[in-house]
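The tour starts with the whole chain and then stops at single residues.

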Amino acid sequence: MSSLIKADTQGYSFQTTSNITSSPFYKLAQGRTRPILPTFDSPVEERTYRKEHLAAVFRVLANHGHGEGIAGHCSVRDPVKPDCFWVNPWTKSFARMRASDLVLVNHAGEVVEGNRAVDASATSIHSALHESNPEITAIIHAHGPYSKAFSALGRSLDMINQDSCIFHDSHVHIPFGGLVQGREEGVRIAKSLESKPGKLKKIAVLENHGSLAIGRLSIDEAAWWFLSFEMCCRAQLLLDAAVGRNSVGGLPEDARVKIIGETEREFTKKENGSPEIGWLGFAPYYENLEWETNGDFKL
């Protein structure tokens, strides 16, 4: 008898299993079932899943105020043609994105499938990142207000809460080079994200611009890192304002800010910073969107 439980029988957007030790989330909860990662019978089936989840990401970003005019672009690698990726068409509203709206682009930045135009900065950045590292499955770039403000400070997050620990030694700064239209910016970001072979950082802080998140496992993972980093930037800016941080970024001597220690931050990052947890972190947003829209984004 199968231990798998269909998504809709428990109200989740993912399957669960009663064989709890087989789940990567086994030790993180109590009870008779655990979530499991999706599996696919074919690359074509996985393509459908990835496109639907990418469309969902755009709508969630819009719901959280990250759909700023025509700015922003997100992509996911195509499992059928791994040298191509699906990305949003230029000027299409994040709030109305559907899977059928997405455009397929190759590593040369050329449109392979779809009739709508694609932002030049999207093709240049995403094509370079996807081509540079096959471990990159997905990329999120949007103009969040808090990461945009934080990016102008030129410094890293303080480890002031358990959420910021996810990004300990996992976000890198990219100096502002003007409006992106060439492939060079994507190459520069790719080199900065991979500090060591096989060690990809989660976030590129594009100074005076915003943030870019990557997912090794899924578009869901990249979306959760982006949303979580945005909330961490908000907490950081609130702390800075509360303690009166000085003009060179130093904390006042009497601020009494508790910074999480090295051992604790490494442990927390290990527990909460895996690609699997990134995937799971986005699941409640997907579930809510599916309920609110009756799955319209999948069309």
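Show the surface first. The accessible surface of the chain is about 14600 Å², and carbon and sulfur atoms hold 51% of that. Accessible areas here follow the Shrake-Rupley method with a 1.4 Å probe, and for residues only the protein chains shown count as cover. This is a predicted model, in which local features need pLDDT of at least 70 and side-chain atom pairs pLDDT 80 or more, while totals for chains, interfaces and linings use all residues. Residues are numbered from 1 along each chain as its sequence is written, and side-chain values use heavy atoms, without hydrogens and water.

Now colour by burial. Of the 299 residues in the chain, 48% are buried. Buried means under 20% relative accessible area, exposed means over 50%, and partly exposed lies in between (1.4 Å probe, protein chains only).

Zoom out for the overall form. The C-alpha atoms fill a box of roughly 60 × 50 × 40 Å along the principal axes. A compact globule of 299 residues would have a radius of gyration near 19 Å, and the chain agrees at 19 Å. That radius is taken over C-alpha atoms, and the globule rule is 2.2 Å times the number of residues to the power 0.38.

Switch to cartoon. Look for eight helices and 13 strands. These are DSSP runs numbered from the N terminus: helices are H or I with at least four residues, strands are E with at least two. Among contacts between residues at least 6 apart in sequence, 64% join residues at least 24 apart. Contact means heavy atoms within 4.5 Å.

Select residues 43–63. This is helix H1, with 21 residues. H1 reaches 30 Å from its first C-alpha to its last, close to the 30 Å expected at 1.5 Å a residue. The expected span is 1.5 Å times one less than the number of residues. Then step to Gly65, which follows H1 and has a positive phi near 80°.

Stay in H1 and pick Leu54. Is Leu54 buried or exposed? Leu54 is buried, at 0% relative accessible area. Beyond its neighbours within four places in sequence, Leu54 is in contact with Cys74, Ser75, Val76, Trp86, Val87, Leu102 and Ile219.

Next, Leu206. Leu206 sits in strand E12 (residues 203–206). Its relative accessible area is 5%, so Leu206 is buried. Outside four places in sequence, Leu206 touches His141, Ser151, Ile174, Ile189, Ser211 and Leu212.

Move to the loop between helix H4 (162–165) and strand E9 (171–174), where Ile166 is found. Ile166 has 4% relative accessibility and therefore counts as buried. Leaving aside neighbours within four places, its contacts are Lys202, Trp225, Ser228, Lys269, Asn272 and Gly273.

Asp169 is in the loop between H4 and E9 too. Asp169 counts as exposed, at 54% relative accessibility. What is the phi of Asp169? Its phi is positive, about 55°, although Asp169 is not a glycine. Most residues other than glycine have a negative phi.

Last stop: Thr91, in the loop between strand E5 (84–87) and strand E6 (103–106). Thr91 has a positive phi near 75°. At 45% relative accessibility, Thr91 is partly exposed.
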